[in-house]
Every structure is written in structure tokens, then in C-alpha cells.
Amino acid sequence: MIGDWLDIGALAEIPARGARTIAVAGGEEIAVFRTGDDRVFALVNRCPHKHGPLSQGIVHGHAVACPLHNWRISLETGHALGEDKGCTPTIPVRVDAGRVLIARMAALATAMAA
Ligand code: FES
């Protein structure tokens with residue numbers, strides 16, 4: 001159905017192994033990551049440890065290292081890896097004809113939870 005997905009820009013605008021952020025209502029942000037193998041993942045931009053901005057972390061494979069205390073968060077599940085415990089919500093995301101689309105309802109739910 002038209003309108004289920006929100007076009008947030010071109011894949012080429014996200015640096016490889018980097019991220020861009022999307023502000024949603026309520027002050028929350030969504031971080032959209034592009035990995036070295038050109039996969040795209042979206043998470044709430046908040047580390048499950050002490051709310052570090054994951055978008056500013058370093059992407060290794062399909063995980064990001066939080067810039068504050070270096071927890072590694074899976075981009076696929078949002079779960080902390082290794083000994084650490086916690087989870088950041090993920091948002092469905094896909095790429096269509098070079099455009100990055102995030103699920104509108106999940107983005108709205110993120111805003112409502114803020
Ligand atoms: S806030 Fe992310 S590791 Fe501490």
C-alpha cells in the first residue's frame with residue numbers, strides 16, 4: 001500500500017560504514033546505517049547502555065560500536081553483543097531503486113515511545 005514506507009533519501013547519501021539520522025516527533029532519532037557490503041539497517045539512535053548516539057559509532061560488519069563505552073550493538077537485531085545485555089529497537093528498512101525507505105508505522109511508534 002502506498003504510504004507504508006517513508007522515503008528518507010538516496011542510499012548514496014549515507015557513507016559506507018556510516019550513518020545518517022532522521023528526527024522523529026518527540027525528540028527521538030532514528031539512525032540509518034549503511035554497512036561495507038551495502039546493507040542498510042535502522043535503529044533508534046540510542047544505546048541500550050546509557051543512551052549513547054549509536055549513529056556516531058564505528059560500523060564493523062553488521063554491528064556498531066557505541067562511541068561512549070564501546071558496547072557492540074547488532075544492527076540486525078539491536079541486541080548488545082558479547083557479555084553486555086540490552087536491546088535497542090530496530091525499524092524495518094529497505095532499499096528500492098537506490099532510495100532508502102523506512103517503515104512508516106515503526107517510525108511513528110518510535111515517536112510515540114519518546
Ligand atoms: S552508552 Fe553505549 S556503551 Fe555506554
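Thr88 sits in the loop that links strand S7 (72–74) to strand S8 (90–91). Strands (E, at least two residues) are DSSP runs, numbered from the N terminus. This is a predicted model: local features need pLDDT of at least 70, side-chain atom pairs count only at pLDDT 80 or more, and totals for chains, interfaces and linings use all residues. Residue numbers start from 1 along each chain as its sequence is written.

Is Thr88 buried or exposed? Thr88 is buried, because 23 other C-beta atoms lie within 10 Å. The cut-off for buried is 20 or more other C-beta atoms within 10 Å of the residue's own, with C-beta atoms placed from the backbone; exposed means 12 or fewer, and partly exposed is in between.

Leaving out residues up to four places away in sequence, Thr88 touches Leu43, Val44, Arg46, Cys47, Pro48, Leu54, Ile73 and Gly78. Contact here means C-beta atoms, placed from the backbone, within 7 Å. Ala19 is 69 residues from Thr88 in sequence and 16 Å away in space, C-alpha to C-alpha.

## Strand S4 and its partners

S4 runs antiparallel to strand S3 (residues 29–34), joined by 5 bridges. Two strands pair if DSSP finds at least two bridges between them. Val32 has Ala42 as its bridge partner in S4. S3 and S4 make a hairpin with 5 residues between them, and Asp38 in the turn has a positive phi of about 65°.

S4 also pairs with S8, again antiparallel, over 2 bridges. There, Ala42 stands opposite Ile91. Leu43 touches Thr88 as well as Ala31, Leu54, Leu75, Gly78, Pro89, Thr90 and Ile91, not counting residues up to four places away in sequence.

## The nonpolar core

Which residues have the most contacts inside the largest nonpolar core? They are Ile30, Ala31, Val32, Phe33, Ala42, Leu43 and Ile73, in a core of 26 residues. Strand S2 (18–23), S3, S4, strand S6 (63–65) and S10 each give two or more residues to this core. A nonpolar core is a set of buried Ala, Val, Leu, Ile, Met, Phe, Trp, Tyr and Cys residues joined through C-beta atoms within 7 Å. In soluble globular proteins, nonpolar side chains tend to be buried together.

## The S9–S10 hairpin

Strand S9 (residues 93–96) and strand S10 (residues 99–103) run antiparallel, joined by 4 bridges. Val93 has Ile102 as its bridge partner in S10. The hairpin leaves 2 residues between the strands. Ala97, in the turn, has a positive phi of about 50°.

Terms used. Contact = placed C-beta atoms within 7 Å.
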